[in-house]
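Colleague: Could we take a close look at one part of this model, a pocket, and then see how the rest of the chain is put together around it?

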Amino acid sequence: MASGSMAESAPGRRERREHRQGPELRPLPPPLIDRIALPAFVIALLFLSFLGGAMVILTNVFPAGPLSDAYRGGKALIDKTRASRDPLTSDFWMPERRPDQGVTIHDPASAFPGYTLYTSGHGSEAFLFSMEGRLIHSWQLPYSAIWSAEDSPIVEPQPDPFLYWRKAMMQPNGDLLALFVATGDTPWGYGLVKLDSESNVLWSYLGQTHHDLDIADDGRVYTLIHKMRRTTYEDFPQLTVPRLDDFVVVLSPDGEEEKRVSILDALVNSDYARLLHRVTWFNKHDFIHTNNIDYIDAEMAAVLPFAEEGQVLLSFRDIDSIAVLDLEQEKIVWALRGAWLGQHDPDVLPNGNILLFDNIGHFGQGGESRVIEIDPLTGEEVWVYAGSAEQPFESRVRAAQQRLPNGNTLITESTGGRLFEVTEDGRIVWEFINPIRARHPEDPDQVILPVVSWGQRIAADDLQPAFHEALQRKEEERSAQ
């Protein structure tokens with residue numbers, strides 16, 4: 001019995017012990033140090049990675065190049081995505097400054113008569129209109145009509161609404177040369193086309209042309225192209241790669257490329273290379289940003305002691321300089337910096353002076369811009385037009401001007417979407433404001449208008465008779481309506 005009693009009492013004792021233990025015990029939480037250790041380790045690792053990446057880039061040791069390229073590539077992709085949402089959000093469109101449209105001022109006794117040609121940031125189109133503001137003729141062509149996957153370096157071009165004609169030059173018979181640029185892409189230069197008066201394509205050149213073109217008396221076309229490049233210069237380590245570099249291209253009258261010259265090479269290998277020490281902080285690896293080319297003909301060479309026929313006059317916005325390039329030597333042979341900032345469109349005048357648009361070099365009331373005439377031998381400013389509190393004038397980018405035969409100056413105020421003509425004493429005798437308008441897609445209360453990046457006054461006597469007669473018939477028809 002004793003053994004049996006002991007056998008029965010053992011489970012009983014276990015049950016009593018289990019009962020005395022009460023509810024199931026849970027493990028204690030880990031100490032605070034254990035809970036923050038892993039996140040702290042991850043944060044420290046990320047910080048050290050960032051610090052290490054920064055040190056690699058600052059000391060320019062491997063893999064500084066790939067890291068820098070990756071950062072810039074990512075930023076470029078973000079910028080492209082943002083700029084590709086809607087063309088109305090790009091810098092081809094600006095806030096309306098005034099509700100006025102078309103010709104708002106016309107003094108026939110003082111303004112130089114003729115037709116006015118202009119291009120507008122709304123699309124690939126150019127307009128020719130009368131002094132009274134009547135549209136007389138136009139040319140249109142979408143970029144998709146000339147793009148070719150076989151001939152163009154642009155693999156996936158932007159859609160047509162994201163392009164416009166940066167500049168167009170009309171010839172006496174009504175033929176038109178027009179230069180395509182895009183928003184939301186780098187490089188943004190897209191090509192050049194020649195049209196007849198009815199917008200039929202005569203030829204196209206699909207190099208990445210940008211900003212400007214000029215036509216010599218023999219029909220050759222001088223223009224600018226750009227492309228990404230990895231050439232380095234020992235004396236100029238600030239010209240980091242990859243970099244957007246400019247070239248002068250000479251085309252035959254039929255649009256075939258005859259010559260190509262690297263502008264940066266020509267500057268580095270010249271006596272003016274020290275200008276590159278003035279590279280701006282906002283250059284976006286487009287270190288000189290060439291924005292003008294003018295062919296120097298015999299008449300210009302006769303009044304410029306530092307230039308010869310066949311050379312070209314260039315403008316470098318981001319080092320605030322103008323220069324002459326000899327295409328045979330492939331070398332900059334003359335350059336000048338002045339009191340201007342971010343300039344555009346230097347033009348050689350018959351008196352040997354140079355007229356240019358000084359985008360951000362005016363200080364005082366009336367806006368940041370001015371148009372100045374300078375003596376290139378002394379740097380003296382011999383004529384200046386700037387805005388006032390009553391008549392503000394400003395275009396931080398783009399813009400141009402043209403000295404007219406009667407001494408007046410036609411000014412293209414790109415950001416304001418305005419063309420206007422001033423006399424020598426600064427009186428406005430003609431004014432036109434781009435009539436095209438839209439609502440900003442992200443702010444419907446804001447009215448915007450497209451930039452006007454190029455305007456040109458064309459005298460009727462400079463046109464071939466057949467084309468002039470056709471324009472006169474159109475003008476008579478529209479004035480009768």
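How many nonpolar, polar and charged residues does the lining of the second largest pocket have?

Modeller: Happy to walk you through that pocket. Residues are numbered from 1 along each chain as its sequence is written, and side-chain values use heavy atoms, without hydrogens and water.

By class, the lining has 19 nonpolar, six polar and eleven charged residues. (Ala, Val, Leu, Ile, Met, Phe, Trp, Tyr, Cys and Pro count as nonpolar, Asp, Glu, Lys and Arg as charged, and the others, Gly among them, as polar.) The second largest pocket holds about 1400 Å³ of space. Its lining is made by 36 residues, and M169, D214, M300, Q402 and Q456 are the ones nearest the centre. Two or more lining residues come from each of β6, β10, β14, α5 (298-303), β18, β22 (400-403) and β28. Strand β28 is the biggest contributor, with five residues. (Helices, H or I of at least four residues, and strands, E of at least two, are DSSP runs numbered from the N terminus. On a 1 Å grid over the protein atoms alone, a pocket is an open set of points with protein on both sides within 12 Å along at least five of seven lines, a cavity is a set where a 1.4 Å probe fits but cannot get out, and lining residues have an atom within 4 Å of a point. Points join across faces, edges and corners, and volume is the space filled by probe spheres set on them.)

The whole structure has two cavities of 30 Å³ or more. The largest cavity contains about 90 Å³, and R166, K167, H211, D212, N291, N292, H344, D345, A399, A400, S453 and W454 line that space. Strands β6 (163-170), β10 (209-215), β14, β18 (344-348) and β28 (452-458) each give two or more residues to this lining. In this cavity the lining counts three nonpolar, five polar and four charged residues.

The second largest cavity holds about 40 Å³. R243, L244, D245, D246, L264, F287 and I288 form its lining, to which β12 gives the most, four residues. That lining divides into four nonpolar, no polar and three charged residues.

(A nonpolar core is a set of buried Ala, Val, Leu, Ile, Met, Phe, Trp, Tyr and Cys residues joined through side-chain atoms within 4.5 Å; buried means under 20% relative accessible area, exposed over 50%, partly exposed in between, with a 1.4 Å probe and protein chains only.)

Beyond four places in sequence, the contacts (heavy atoms within 4.5 Å) of L314 are with L224, V248, I263, T290, N292, I293, I322, A323, L325 and P346. One of these, N292, also lines the largest cavity.

A216 sits in the loop between β10 and β11 and is buried because its relative accessible area is 8%. Apart from neighbours within four places in sequence, A216 contacts Y222 and Y295. G310 is 94 residues from A216 in sequence, yet their C-alpha atoms are 9.0 Å apart. D254, in the loop between β12 and β13 (257-262), counts as exposed because its relative accessible area is 57%. Its C-alpha atom is 9.1 Å from that of K194, 60 residues away along the chain.

Across the chain there are six helices and 28 strands, and 51% of the 481 residues are buried. Of the contacts between residues at least 6 apart in sequence, 56% join residues at least 24 apart.

A last word on confidence. The chain averages a pLDDT of 90, and 86% of the residues score at least 70. Where pLDDT is low, the predicted coordinates should not be read in detail.

Terms used
Predicted model: local features only at pLDDT ≥ 70, side-chain atom pairs only at ≥ 80, totals over all residues. pLDDT = per-residue confidence, 0-100.
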